[in-house]
Amino acid sequence: MPLVLIALDDTLLDRSGAFRLWAKGFLDEIGAAQDDLDWLLSVDADGLTSRWDLADLIRDRYRLTIPSIDLVDELHEGPLAYEKLDPLVGCALQIAKDAGLVPVVVTNGRAEIQDVRIRRTGLDRYVADWVISEQAGVSKPNPRIFALAAQRVRMRLGGAWVVGDSPEADIGGAAAMGLPSVWLHRGREWVDNRFAPTEIVGNVIQGISAIMAAAR
């Protein structure tokens, strides 16, 4: 029964797609040009930019009078309204579980927000458990967070697979532990020469299929 440690953002859930949909509506609401969408996506940096820093950038660019704290709340809550679990991802996870794989979400981020996302989208029905960095007190790529995930489902870390879209947090974490990994390329080329994923695929469904094939 291989343990599969899977990232949340842009792996199990399309965080970037949800943010893009929210951003389009937000720009319309404040009367900004839709050409600014690329700028907003760029400064968001796939969610890596602090929400406070992003709020300040937006307020400065558009000279908004809205308090930063209100804009931060909107940046947290707004995209959630557009976030849904792809039914095909749910189906793939169910097939994996039926085949004996044990999927566990391992994600960095704020506990309250990540937990809401997992439950609101129904992802919680398809995974064995989840570990969030804020609760765990340690973030990916630190091997400790992956070890905690294995402990949550009472399994050994040895033989586990790591799946995710982040070269550093996911694939780097797997490399540090000597574990096989699957990288979701999202149209990117692999450029890190310090380590490399075991498999490179376009989406998490293909990643699960690759792991099931390797486990046969």
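Let me begin with Arg-51, a residue of helix α3; helices here are DSSP runs of H or I with at least four residues, numbered from the N terminus. The model is a predicted one, in which local features need pLDDT of at least 70 and side-chain atom pairs count only at pLDDT 80 or more, while totals for chains, interfaces and linings use all residues. Residues are numbered from 1 along each chain as its sequence is written, and side-chain values use heavy atoms, with hydrogens and water left out.

Is Arg-51 buried or exposed? With a relative accessible area of 10%, Arg-51 is buried, a term that means under 20% with a 1.4 Å probe and protein chains only. Its side chain makes a polar contact with the side chain of Asp-44 at 2.8 Å and reaches the backbone oxygen of Thr-49 at 2.7 Å. A polar contact is a pair of N or O atoms within 3.5 Å, one able to donate a hydrogen and the other to accept it. Beyond four places in sequence, Arg-51 is in contact, meaning heavy atoms within 4.5 Å, with residues including Phe-19, Val-72, Leu-75 and His-76.

I turn now to the helix pair. Helix α3, residues 51-62, packs against helix α4, residues 68-77, at an angle of about 115°, with the axes 9 Å apart. The two are therefore roughly perpendicular, the term for angles of 65 to 115 degrees. Among the residues making the contact are Arg-51, Trp-52 and Ile-58 of α3 and Ile-69, Leu-71 and Val-72 of α4. By class, the residues of this contact comprise 8 nonpolar, 2 polar and 3 charged.

Terms used: Axes are lines fitted to C-alpha atoms, for helices over the stretch in contact, and angles run from 0 to 180 degrees between N-to-C directions. Angles under 35 degrees count as roughly parallel, over 145 as roughly antiparallel, 65 to 115 as roughly perpendicular and the rest as oblique. Ala, Val, Leu, Ile, Met, Phe, Trp, Tyr, Cys and Pro count as nonpolar, Asp, Glu, Lys and Arg as charged, and the others, Gly among them, as polar. Buried means under 20% relative accessible area, exposed over 50%, partly exposed in between (1.4 Å probe, protein chains only).
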